[in-house]
Amino acid sequence: MLVARTPVVLMYHSVIPYDRDPYLVTVRPTRLERQFLWLRDRGLRGVSVSELLSARDAGRARGLVGLTFDDGYADFAEYVVPALRRYGFTATVYVIAGQLGGSNHWDPDGPRKHLMTADQVAQVAADGVEIGSHGLNHVSLPGLPADALVAETLRSRRLLREISGQPVTGFCYPYGDVSPQAVSAVRAAGYDHGCAIWRSELTGRLALPRTYVGDVDTGIRLRAKRLRHHLAFGRRRMVSGNATHQDAPTGGRPQ
């Protein structure tokens, strides 16, 4: 059963100046700065998912918001880490362990975006960012055979542990796709938490729902999204089925 007061976890992807963004996964650095300022001005502090869940377990999560960045883009090291430092925030970046130094091949119609190298992942980990796994190859987990599920969950965790020096206790489902088998594989691989996107019958610590944040999200929109989250999750309840996430990117499949 979904516990009361599911924490707010914001979902970002790429942060970089851009001209074209057909999948709506990019936020300009100036917009990120305004969004972080909005959080700080309201007494909110962005933290990693592990810190957020630990604080919730201890009853001390008030004023904390989870910050997550999917795919491990190289622009995270360039633009996000300095912003986190300026505001005293932390975050979780979910890295594709088998694609280090590669690019976003899963976005055929979008501009090519470079992914962090192993050295960059090690550096952002040293800067205090939580490293989580986004799988081995950015593939949808539901329907994979058992050996492929082990590779995407357990092998990716082992690789990232070696690179980052962290325990790597968080997993993020590519495309937000979850299934009972995928959640079981994440649990068996030893992860403490998993991030999905939408609410579903699997919502819980290993399939946390998140709130999409895009380049159009001003303070007013962030306030509305936060309010909607609390209305949906502020009491003990379970929502059946995969509800359509009104904030998910409309230009393509969530990443």
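This is a predicted model: local features need pLDDT of at least 70, side-chain atom pairs count only at pLDDT 80 or more; totals for chains, interfaces and linings use all residues.
## Around Q35 and through the fold: a short briefing

Leaving out residues up to four places away in sequence, Q35 touches Y12, V27, V213, G214, D217 and L222. The protein has 255 residues, and 54% of them are buried. It contains seven helices and 10 strands.

- Is Q35 buried or exposed? Its relative accessibility is 2%, and buried means under 20%, so Q35 counts as buried.
- Q35 and T218 are 183 residues apart along the chain, yet 7.0 Å separates their C-alpha atoms.

**Strand β1 and its two partners**

- Residues V9 and M11 point one way from β1, while L10 and Y12 point the other way. All four of these residues are buried.
- As a general point, side chains in a regular strand alternate between the two faces of the sheet.
- β1 runs parallel to β5, and four bridges join the two strands. Here L10 stands opposite L67.
- β1 also pairs with strand β10 (residues 211-212), again in the parallel sense, over two bridges. In that pairing, L10 stands opposite T211.

**The nonpolar cores**

- The largest nonpolar core has 49 residues. Which residues have the most contacts inside it? They are F36, L67, F69, F76 and Y173.
- Elements that each supply at least two residues of this core are β1 (9-12), α1 (29-41), β5 (64-71), α3 (74-87), β6, α4, α5 and α6.
- Helix α3 gives the largest share of this core, six residues.
- Setting aside neighbours within four places in sequence, L67 is in contact with L10, Y12, F36, L39, G46, V47, L84, F89, T90, A91 and T92.
- Another core, of 11 residues, lies apart from the largest one; L53, A55, L64 and C172 are among its members.
- In soluble globular proteins, nonpolar side chains tend to be buried together.

**From β6 through α4 to β7**

- Strand β6 (residues 92-95) runs parallel to β7, joined to it by four bridges. The bridge partner of V95 in β7 is S133.
- Between these strands, the chain passes through helix α4 (residues 118-126), and this β-α-β crossover is right-handed.
- In β7 (residues 130-133), E130 and G132 point one way and I131 and S133 the other way; all of them are buried.
- Which residues of α4 are buried? They are V121, V124 and A125. These residues cover an arc of only 105° around the axis, which puts them on the same side of α4.
- On the face turned away from that buried side, α4 carries the exposed residues D119 and A126.
- α3, β6, β7 and α5 are what the buried residues of α4 pack against.
- Just after α4 comes G128, with a positive phi of about 100°.

**Helix α6**

- A182, V183, A185 and V186 are buried in α6 (residues 180-188).
- Why do the buried residues line one face of the helix? Seen down the axis of α6, they fall within an arc of 160°, so they line one face.
- An α-helix has 3.6 residues a turn, so residues three or four places apart point the same way.
- Q181 and A188 are exposed on the other side of α6.
- Cover for the buried residues of α6 comes from elements including α5 (146-164) and β8 (170-172).
- G190 follows α6 and has a positive phi, near 95°.

Conventions: Residues are numbered from 1 along each chain as its sequence is written. Side-chain values use heavy atoms; hydrogens and water are left out. Buried means under 20% relative accessible area, exposed over 50%, partly exposed in between (1.4 Å probe, protein chains only). Two strands pair if DSSP finds at least two bridges between them. A crossover is right-handed if, with the strands pointing away from the viewer, the path from the first strand over the helix to the second runs clockwise. The arc is that of the directions from the helix axis to the C-beta atoms. Contact means heavy atoms within 4.5 Å. A nonpolar core is a set of buried Ala, Val, Leu, Ile, Met, Phe, Trp, Tyr and Cys residues joined through side-chain atoms within 4.5 Å.
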